[in-house]
Amino acid sequence: MIKQIEIDGVPALLAPAAGAGHAGLAFRVGFADEPLARRGITHLIEHLALFSTGVADYHYNGATGVEYTFFHMHGSADELGEFLTAVCTSLRGLPMHRLAVEKDLLRAEANGRSSGPADPMGLWRHGARDYGLPSYPEWGLPAITEDDLRDWVQRYFTRENAVLWVAGDEVPAGLRLDLPTGVRRKPPAMSSALPVTPAWFPGGSGVLVWDALVPRAPRSAVFAGVLERVMFRELRQEGGLSYAAHAAYEPVGVDHAQVTAVADALPDKQGAVLGGFVDVLAGLRVGRIDEADVAAVVKKQTEALRHADEQGARLPGQALNLLCGREVLEADEVIDGLRAVTAAEIAQVAAEAWEAGLLMTPHTRADWAGFTAAPTHSETAVAGTSYRSRDTPDEKLIVGAEGVSIVSDTNRVTVRFDDCVIMRAWPDGGRHLVGADGIVVFVEPTLYKGARDAVERLDASIPAAVRVEQPARDPGQIPQPVQPVPGTAPSASPRPWRRVIVLALVASAGLAMTSRIGYELAHDLVDVQTGLVGLAATLAVTVLCGAGAVRALRTR
Amino acid sequence: MRARLTAKDWTGVRAVVDNLSPSARTKIVRHGGSADGSEQVLREVLDRDPADGTAAAMLGHCLIDIGWKARSSYGAEHVSRDQFKEFHAWLRQAEAVLIDGAARNPRDPAIWAARLVSARGLELGLAEARRRYDRVKALDPHNLTAQFQMLQQLCPKWGGSWELLHPWARAEMLAAPPGAAQGVLVAEAHIEHWLELPAGTRTAYLNGASVRRELQEAADRSVLHPDFGRDNGWVEATSAFAFVFSLLNDRRSAARLFVLLGELATEYPWQYLGGDTAEQIRNHRRRALAGAAR
């Protein structure tokens, strides 16, 4: 039985749990709230808040996800009380002397983290804003100031925007949640960078990833489970096309959930993996659903819930429900909901998911299967001063009053100044601009005639709030014009992906940023994760997708 | 059946199709949808009953055929960009119908066979074609219509290679019972190979010892086998071997096959000789029968 109480103005959930007690404090803030030019600020605050609690024998951690940030600990009632009280005190007075060191640590952490195949999905679906932000590295770190941090805490790390859970018999006696006062912050509105769905884009990894937004409901959770079973059977067991074939369900926002499917493919089987996956989805959407699959999925999810309930591992998820304005549900209520799901309802979810789907193909095209290519170019170019490319005859950089474009015979990318979400600036004059739609323009003064002047005009037009200074580049990293080899015809487009660039580069360049949570749960908080979801298969998806496991916390 | 289809007598069409063996049904479905006005009739049938797999397969073929006419049957280098665009647009339409049809009738080999044609035209690659072919094979192991499609897919002109094609053709033949028509796959593989060679070297290719041996083995196992009957595919097989033996100047074997054919023949592979195909067949038949009589 989950008890709802309030501590120091913070809503709290209390439930008994087998084994050692644990407790957590969560805030409704995550990557999706960050502007790209301050990407990393929530993670940085989480690190700073934990610094003063840095006693080695505490079994604690913090995690920053897409929509939530939490601090969590296992231990005795006294230890739990002490830890969470200290976190709140730290949030009130962040150890700013640690700022530079923690920024370095975050950069090191990002370097050591491998990217997941599903990382690019957000960027292609949403652009360089709200739910697209998890696709991007922590590019805002160099620009984040002490004032930025204090403002962010004041806005998000408040008692009204927090929730506490305690798995144990009672609330720790010494617990004080001394947080600033503020307001509850709803999850951000979801932007779309896709004019048409179902949509596709070519991935760089040889892995197929598909996702779709579905209603947040038991039928959607069962759909994800059935999808995984059918994928496993058709792609792995019968077809021998994929080794890993998984699907996961994760709540997003208040009323939605995202179903994500991932299937790997040998280089010579990529076309067949796509074909097989298209047929799997088509089978479900026309209602060819095996009752035995439904029963198996409901049984598996029910058992996981029961196990989680015993461990108190449902509490974090329910706490996040409370934080986003949903009801707290007992395990039995959720199980009743799962058991009531019918095959017809699953087919309905599959049909809706098909229509809303975004597919990252394993290199292959997908227009043949009814998917529309996601935009990789801008609709228009700006008018303004042109600077000719030094090595690509048909290419020019244009800087106007309203924005910047790079245009060639075959490509056109534009970032409008009022729509620019970040401009990364190198001392050598290199500028990297990203528009809210995710379209990228690289301005390299070495590559366009007279482009020093273009850089000055950019610098004058871009608001300081989106400018992020970069450390000097190694001279070898500064692009130089490619000199045509005598006696050969100049190629029309010698480096199509270097400057006239689309979203894909961000995704495929191995900029190893991803949701930190999937990583941390996989490595440090395995007990929480397995307690919550219970099954190694789900863990594998989390690792594979690199997806925000804070969302997985909310699965139930 | 085409007449019934044109007359919108779908019950009548199904009465013909439903009583056939899976292989024969696949073949009839492959060719049945090409009558004028079929597209509209088949769309109406599918609107009434989206689960009708026969209608889905026939409509798929019908749309593919329309697309292929727009493309023309010339080599890719002779097809314009606009022609390819139109071709692919029709094939995507066909594929949409066939994806849905396969989803509702995953055990219908005729739909998977149709999807081999669309996969080839849309250049979905060998892995996807093999996946589709494997679906047919699991349902109907010796489906000649699907095998002919897979054979084309394995040719270099569609992304395959001779190294893949010839062993595949022989393996498919050996998997089928002696006397079955599948020996024709070996013959067609060599005919396709022969066609791709520069003029002047072609006859030498067919006359090469190993090719001759393989062709003889395939003929002995199919058209010249005592168990070779009048099952689905016998005309295709006999006509192809008559062609091969005519080119090899083996008039005795050719004559045997022309006798077997009587007044029948298939356009393939004779159209590869150019000119009036029927005239080509008649000339070779006359020559073979005269030679054999001597």
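Residues are numbered from 1 along each chain as its sequence is written, while chains are lettered from A and ligands numbered from 1 in the order in which they are written. Because the model is predicted, local features need pLDDT of at least 70 and side-chain atom pairs count only at pLDDT 80 or more, whereas totals for chains, interfaces and linings use all residues.

**View 1. The interface between chain A and chain B.** Here 18 residues of chain A are in contact with 16 residues of chain B (contact: C-beta atoms, placed from the backbone, within 7 Å). The side of chain A that touches chain B comprises six nonpolar, seven polar and five charged residues. In this classification Ala, Val, Leu, Ile, Met, Phe, Trp, Tyr, Cys and Pro are nonpolar, Asp, Glu, Lys and Arg are charged, and the others, Gly among them, are polar.

**View 2. Helix H8 of chain B and its surroundings.** Helix H8 of chain B (residues 126-139) has 14 residues and reaches 20 Å from its first C-alpha to its last, close to the 20 Å expected at 1.5 Å a residue. Helices are DSSP runs of H or I with at least four residues, strands are runs of E with at least two, and both are numbered from the N terminus; the expected helix span is 1.5 Å times one less than the number of residues. Ten of the 14 residues of H8(B) are buried, among them B:Leu126, B:Tyr133 and B:Val136. A residue is buried if 20 or more other C-beta atoms, placed from the backbone, lie within 10 Å of its own, exposed if 12 or fewer do, and partly exposed in between. The cover of these buried residues includes helix H7 (270-285) of chain A, together with helix H7 (109-121) and H9 of chain B.

**View 3. The two domains of chain B.** The domain assignment, automatic or from a database, gives domain 1 (1-150) and domain 2 (161-294) of chain B. Their C-alpha centres lie 27 Å apart, and the contact takes eight residues from domain 1 of chain B and nine residues from domain 2 of chain B. On the domain 1 side, helix H3 (22-32) and helix H9 (144-153) of chain B each supply at least two residues; the largest share, three residues, comes from H3(B). This side divides into three nonpolar, four polar and one charged residues.

**View 4. The surroundings of A:Gln258.** A:Gln258 lies in strand S10 (residues 256-263) of chain A. This residue counts as buried because 28 other C-beta atoms lie within 10 Å. Leaving out residues up to four places away in sequence, A:Gln258 touches A:Asp211, A:Leu213, A:Glu250 and A:Val252.

**View 5. The nonpolar core around A:Ile346.** The largest nonpolar core has 243 residues, and those with the most contacts inside it are A:Val259 and A:Ile346. Such a core is a set of buried Ala, Val, Leu, Ile, Met, Phe, Trp, Tyr and Cys residues joined through C-beta atoms within 7 Å. Beyond its neighbours within four places in sequence, A:Ile346 is in contact with residues including A:Phe223, A:Leu284 and A:Val341.

**View 6. Domain 1 and domain 3 of chain A.** Chain A is divided into domain 1 (3-175), domain 2 (199-373) and domain 3 (385-480 + 487-501). The C-alpha centres of domain 1 and domain 3 of chain A are separated by 36 Å. Twelve residues of domain 1 of chain A are in contact with 13 residues of domain 3 of chain A, and the domain 1 side has eight nonpolar, three polar and one charged residues.

How values were computed: Two residues are in contact if their C-beta atoms, placed from the backbone, lie within 7 Å.
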